[in-house]
Amino acid sequence: MAEYVLETKNLGISFGGLKAAQDVNLKIKKNQIYGLIGPNGAGKTTVFNMLTGVYKPTTGEIYLCGERIDGHGQEEINHKGIARTFQNIRLFNNMSVIRNVLVGLSNQPEYKCGLFTSMFRLPRHFKVEKAMRDRAKELLDIFGLLEERNNLACNLPYGKQRKLEIARALATNPKLLLLDEPAAGMNPQETAELMDTIRFVREHFDMTILLIEHDMSLVAGICEEITVLNFGQTLAHGSVEEVLHNSEVIRAYLGDD
Ligand SMILES: Nc1ncnc2c1ncn2[C@@H]1O[C@H](COP(=O)(O)OP(=O)(O)OP(=O)(O)O)[C@@H](O)[C@H]1O
Ligand SMILES: [Mg+2]
């Protein structure tokens, strides 16, 4: 078995003259909660976009459980086992809460049935549909969203929309979950709840999690290892203690003064 769930080697991308990310080397072990932090514009979301196939890296390599995946498309990478949430929530707003999760599940081979079976509504069609609904309800229950399953996603309060996005990502049965600023816009109470949710996801789904976050209470509370980016490059790497006390990191966040 590969030593790391995710490994990147000298990963980088340029947009015109701008090196948005450069020589990013991540090594994330199974079951870790790993933080990717850095000031605005540091290149964090760009790294997620390369990991998920939105952008093709200009340099370097990406390995998921030892298999090289850079250069593959978004859907293929999701099938191979990387799922994400977005910095700005992206739900199917005019679909019900449960439908959002069903869309995630429809990626799974076990829930696929052929066009013929579906068109003629053969018994297997109903069996698969029921299995999917049961699984979707199970996921919604975990995130405390079961009661609201028939509401429109856009009518959920903000904190619950964030949870629904995580549930939908997990429905694709990933090996690695990427969360882009999951606590953005949350109040301290919601952030504390989110930390419990992320810990629960790690245990319950035996998940490996890479998260981008500006909220240092969340980062310090749940990340075991951190990489700090600044102007696309790695400024520091280590444990929470090491990184948050690093004078260069403090300077990057607070400026020279
Ligand atoms: N498609 C693109 N074309 C041109 N420039 C881009 C593109 N995507 C990102 N960039 C640039 O790359 C740099 C890094 O952006 P990125 O969104 O990765 O930062 P970030 O660390 O996620 O910041 P924030 O904390 O504000 O979300 C920025 O200067 C941004 O303008
Ligand atoms: Mg970002």
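Predicted model: local features only at pLDDT ≥ 70, side-chain atom pairs only at ≥ 80, totals over all residues.
**Exercise 1. Which residues surround ligand 1?**

Step 1. Residues are numbered from 1 along each chain as its sequence is written, while chains are lettered from A and ligands numbered from 1 in the order in which they are written.

Step 2. List the shell. Ligand 1 is surrounded by F15, L18, A20, G38, N40, G41, A42, G43, K44, T45, T46 and Q87. A residue is near a molecule if its C-beta atom, placed from the backbone, lies within 6 Å of it.

Step 3. Assign elements. Strand 2 (18-24) and helix 1 (44-51) give two or more residues each. Helix 1 gives the most, with 3 residues. Helices (H or I, at least four residues) and strands (E, at least two) are DSSP runs, numbered from the N terminus.

Step 4. Sort by type. The shell holds 4 nonpolar, 7 polar and 1 charged residues. Ala, Val, Leu, Ile, Met, Phe, Trp, Tyr, Cys and Pro count as nonpolar, Asp, Glu, Lys and Arg as charged, and the others, Gly among them, as polar.

**Exercise 2. Describe how domain 1 meets domain 2.**

Step 1. Domain 1 is 1-81 + 174-257, and domain 2 is 92-172. These bounds come from an automatic or database domain assignment.

Step 2. Take the separation. The domain centres, over C-alpha atoms, are 27 Å apart.

Step 3. Count contacts. 13 residues of domain 1 are in contact with 11 residues of domain 2. Contact requires C-beta atoms, placed from the backbone, within 7 Å.

Step 4. Find the contributors on domain 1. Helix 2 (74-80) and helix 7 (188-204) each supply at least two residues. Helix 7 gives the most, with 5 residues. This side divides into 7 nonpolar, 5 polar and 1 charged.

**Exercise 3. Locate the largest nonpolar core.**

Step 1. A nonpolar core is a set of buried Ala, Val, Leu, Ile, Met, Phe, Trp, Tyr and Cys residues joined through C-beta atoms within 7 Å. Buried means 20 or more other C-beta atoms within 10 Å of the residue's own, with C-beta atoms placed from the backbone.

Step 2. Name the main contributor. Helix 6 (158-171) gives the most, with 6 residues.

Step 3. Domain 1 and domain 2 both give residues, so the core lies between them.

Definitions and conventions
Buried ≥ 20, exposed ≤ 12 C-beta atoms within 10 Å, placed from the backbone. Contact = placed C-beta atoms within 7 Å.
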